[in-house]
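Subject: Handing over a structure

Dear colleague,

I am passing on to you the structure shown just below, together with an account of what was found in it. Please look at the structure before reading on, and keep it open beside the text.

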Amino acid sequence: MSEEPQLPPIPSLGDNIKKNMIEKKTSVLKCDNCGKKAKRPFEDGDFVFRKLSGKNCPKCSETKYTIIQVYGEWVKATRKERKNML
Ligand SMILES: [Zn+2]
């Protein structure tokens, strides 16, 4: 029985970087009444020009918002977030 040493694959640097990074998406909302902008974490179904309601504007109490921007940024994952990805 011939046994060839099985070496674990060497992870490339690129993989390592990707593993520790997560894309955080943020939605930027604008109050339909006074134009005050607010940010909140991206939620499934968010898209630019989507109308939202149910969140009170801190400035004028209007409850209608429009998403004016959605952006993502790569950030280093926290230990907890890395655990969730496994
Ligand atoms: Zn407002």
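In strand β3 of this predicted model, the pairing is with strand β4, residues 64-76, to which β3 is joined by three bridges, the two strands running antiparallel. Within that pairing, Ser-53 stands opposite Lys-64 in β4, while Lys-51 has Thr-66 of β4 as its bridge partner.

On its other pairing, β4 is joined to strand β1, residues 21-31, by 11 bridges, and here too the strands run antiparallel. One of the residue pairs is that of Met-21 with Lys-76, the latter lying in β4.

Taken together, the strands form an open sheet of four, in the order β2-β1-β4-β3, with antiparallel pairing. Because β2 (37-41) and β3 (51-53) each have a single partner strand, they stand at the edges of the sheet, and one side of each is left without a neighbour there. From one strand to the next, the twist averages 45°.

Is Lys-51 buried or exposed? Lys-51 counts as exposed, because it has 9 C-beta neighbours inside 10 Å, and the cut-off for that class is 12 or fewer. Lys-30, although 21 residues apart from Lys-51 in sequence, is 9.7 Å apart from it in space, taken from C-alpha to C-alpha.

As for cover, β4 has hardly any, since the count of buried residues among its 13 residues is one.

The mean pLDDT of the chain is 87, and 87% of its residues reach 70 or more. Among the elements of the chain, β4 has the highest mean pLDDT, at 95, whereas helix α1, residues 13-19, has the lowest, at 63. Where pLDDT is low, the predicted coordinates should not be read in detail, and I would ask you to keep that caution in mind when you come to helix α1.

With best wishes

Conventions: Residues numbered from 1 in each chain as written. Predicted model: local features only at pLDDT ≥ 70, side-chain atom pairs only at ≥ 80, totals over all residues. Pairing = 2+ DSSP bridges. Axes fitted to C-alpha atoms, helices over the stretch in contact; angles between N-to-C directions. pLDDT = per-residue confidence, 0-100. Buried ≥ 20, exposed ≤ 12 C-beta atoms within 10 Å, placed from the backbone.
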